[in-house]
Amino acid sequence: MPAPLLVPALLAVAFLVLPLVGLVVRAPWGDLGPQLSRPGVGDALRLSLVSATLATLVSLLLGVPLAWVLARSRVRGRSVLRALVTVPLVLPPVVGGVALFLVLGRQGLVGEWLYETTGFALPFTTAAVVVAETFVAMPFLVISVEGALRAADARFEDAAATLGADRWTTFRRVTLPLVAPGIAAGAVLCWARALGEFGATITFAGNFPGTTQTMPLAVYLALQRDPDAAIVLSLVLLAVSLATLLLLRGRWLGQRGVAA
């Protein structure tokens, strides 16, 4: 490899890897058990896992049909629609939380009607955590599934149509199995992004232990009072992130990666 390429590449590796190494090296391994058994840690971890899973299920329910519309339909303005639904990828999460407030808050565009009709205010509830995580994580699933749909061979769907299958049957029996790996990869990415969500969650749902305090929020709070506890909680999230990468390894590296 040419030296002008090798040196920047090594610097990039050091820049990306050394912080993770520092986290592992400076971890209080002797206090790992007591730190994880502290009050509130289990609740934060449980809430993070449950809310990320619910956000992923909602994203699957809504995102897969949206990805099909973007990839296969002939609706006008698809490019504009694609840009709009992927805005959360580049939007600062705190801004996303503010936007959710303006729509779903007690005086929001939809939230005001919801509160007057049912007496239920969504912000600062566990449901708000799921909504915030879904908002920032769903685009990851949509992009993954749309790419899988575009790469899938449409001739199988055409063959099903010539055999008399209607569009819904074709979608269920042919299209979904074809793009199942893309859906799985998108769901894992979506779940991981939801698990690590911070900005929109703390803005729209708050930071209430046992109700809206997820693991990233617990890390932020612990860093101000007990750095060792923050390091331990960060290790848990790091372990989850590594597990996510292992699940996606075959998807990213292709068939050779799977075989290896």
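Contact, as the word is used here, means heavy atoms within 4.5 Å. The model is predicted, so local features need pLDDT of at least 70 and side-chain atom pairs count only at pLDDT 80 or more, while totals for chains, interfaces and linings use all residues. Residues are numbered from 1 along each chain as its sequence is written, and side-chain values use heavy atoms, with hydrogens and water left out.

**Leucine 81**
- Leucine 81 lies in helix α4, residues 78–85, where helices are DSSP runs of H or I with at least four residues, strands are runs of E with at least two, and both are numbered from the N terminus.
- Not counting residues up to four places away in sequence, leucine 81 touches Leu66, Val69 and Leu70.
- The C-alpha atoms of leucine 81 and leucine 70 are separated by 7.9 Å, although the two residues are 11 residues apart along the chain.
- Leucine 81 has a relative accessible area of 30% and is therefore partly exposed, the class between buried (under 20%) and exposed (over 50%), with a 1.4 Å probe and protein chains only.

**Helices α3 and α13**
- Helix α3 (residues 41–72) packs against helix α13 (residues 215–225) at an angle of about 145°, with the axes 8 Å apart; axes are lines fitted to C-alpha atoms over the stretch in contact, and angles run from 0 to 180 degrees between N-to-C directions.
- Val41, Ala44, Leu45 and Ser48 of α3 make this contact with Met215, Pro216 and Ala218 of α13.

**Spans from the record**
- An unreviewed UniProt entry lists residues 50–71, 83–104, 124–145, 174–194 and 229–248 as "transmembrane region", and such annotations may be inferred rather than shown by experiment.
- Residues 83–104 are 86% helix and 0% strand, with end C-alpha atoms 22 Å apart.
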